[in-house]
Amino acid sequence: MSEYSNKEADTDDEHMCLNTRNEKEQEDTSHNSLENITSLQVTEPPPPPFDPIKRMKEGFNYFKVNEFNKNPSYYRKLAEKPEPKFLIFACSDSRVCPATILNLRPGEAFMTLNIANMVPAFNQLRYCEVGAVIRYVVLTYKVEAIVVIGHTRCGGIERLMSIPSGQTKPRDFVDDWVTIGQPAKAKVLAKNPKATGEELRTLVEKESVMNSLGNLLSYPYVKAGVTSKKLKLIGGYYDFVRGNFDILGSKS
Amino acid sequence: MAQSILGSSPVFKAECPKSSASTSTISGSKLKYSGIEQSQLGFLNSSKSNLALRLKASREGVGLIQETKVDTPNLIKKSKDGTDSFTEMKQRFLRFKKEKYLENLECYQELAEAQAPKFLVISCADSRVCPSYILGFQPGEAFVVRNIANLVPPFENGPCETNAALEFSVNALEVQNILVTGHSCCGGIRALMSMEDEENSSSFIKNWVTVGKSARSRTKATTSNLSFDQQCKHCEKESINHSLLNLLTYPWVEERVAKGLLSLHGGYYNFVDCTYEKWTLDYKRTNGNQEKGGYIIKNREFWQ
């Protein structure tokens, strides 16, 4: 029996002990007021702790039964030769997965998820992680579009906005990453000197998407694809407050 | 079940607990943790603070491929005058809005205020292995990083895309679980295994996948009798464990793991036969061995 199974059994035993103890207390303290007895009787048992493995297993079983097993030829073909049409850059935020909001099925889109859906400019030493994805996907799979999707209330953009002007040394890894969006921040502040709060952040969230589209063109194979009209660059913005999805612009 | 592995590795309707709400302010951002409640009928009772959307309710009729259809629809369709349109993208989003967003409006409104995911998932960018799909993570459940070959570089490599997300999810969001999930037929791992030992030329792909070189070394040392394809498969799993060890090189990660606030899990998705293997890093027994590349895993399960 695994440790995981043992933990489940222990939780049930704890609940039983709690109930037994409550009943005994009611018998021994007969002078307790009705109010106290009532409060004991309606006490709810504590909820079982979150089980991450159980959650994952349920999710996988659902996928296997309802999707994979019902579409065997599709997944067989996918295992041999995927033909994604998209490379998508989106935020790691738990609320904005493109597979969910755009109902993308396995095989349709390569996805890079990072803080604030940023694409840095070409730099083989500094940003090889993103560069590896772009090079691999564009040259191997001949995708038709690269989509950068921003979103509302982005923690990464909020962090970018919090960096004091003139600060040269990043405070941490997050600071270091989000400074990719510094040109977008500067552009928005220059054009909208009176904007503040959420309005300002929204403007930067959107401008950062366009900044990333511009940075994509610094990769020679991306630029070649766009010039030959085989590749389209699209900027999107998901507003989960109002439930909207907007196309901000495209480069083709 | 604890399994000692030193120097080698082979590697929708649920009920979830109600939890009390608490708030914390970190770095100027207000984060709110709310409870999760799921009903047996597959729909969340939105009168409570529910953040996880049930798979059955949110997936029915949405985007499932019908076996009779041979071609996947293009998201970009050409209109009659030859210009591209985004009709299909728009239709899919509106379908999501109608069938998921509006059906669970209170959930999404709560999520809009704050997220409190319990997972950080580090996955490959491969189009076939989206964690939202294969593990059913719903909005609010998992902070996800996706890169080539689901690699985690060590702390001493300095700032990068992956460890920025790692820092944010662990320090700001205080996730309780990190899952590094790999997969079969990984092109990034194949590139890693194909690299020459003394290769001097640099490229984006080589500069990145070299993060996994210790996994490659161990694989080559232990599987020299196997075919290249088999070695790649071995390395796909070995690199997951080395990424788990690399996670421990981050002080803020190890601190939370040592306190029992954070668990590190490995997962491997085989999309050829649709199986999933998962395990958990046994920190207490690994502690002290990781610098030599040793690790111990526990709670290994195979789902098929």
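Let's start with a salt bridge: A:Lys81 pairs with A:Glu83, and their closest N and O atoms are 3.7 Å apart. By salt bridge I mean a side-chain nitrogen of Lys or Arg within 4 Å of a carboxyl oxygen of Asp or Glu.

A quick word on the model: it is predicted, so local features need pLDDT of at least 70 and side-chain atom pairs count only at pLDDT 80 or more, while totals for chains, interfaces and linings use all residues. Residues are numbered from 1 along each chain as written, chains are lettered from A, and side-chain values use heavy atoms, without hydrogens or water.

Now, the wider setting. Chain A has domain 1 (1-44), domain 2 (47-81) and domain 3 (83-251), with bounds from an automatic or database domain assignment. The centres of domain 2 of chain A and domain 3 of chain A, over C-alpha atoms, lie 29 Å apart. Five residues of domain 2 of chain A and four residues of domain 3 of chain A make the contact, meaning heavy atoms within 4.5 Å.

How much area do domain 2 of chain A and domain 3 of chain A bury between them? About 400 Å², with 55% of it on carbon and sulfur atoms; buried area is the accessible area (1.4 Å probe) that two parts lose on being put together, summed over both. On the domain 2 side, A:Tyr74, A:Leu78 and A:Lys81 lose the most area to domain 3 of chain A, together 70% of what that side buries.

And back to our opening pair: across this interface of domain 2 of chain A and domain 3 of chain A, the rule finds one salt bridge. Thanks, everyone!
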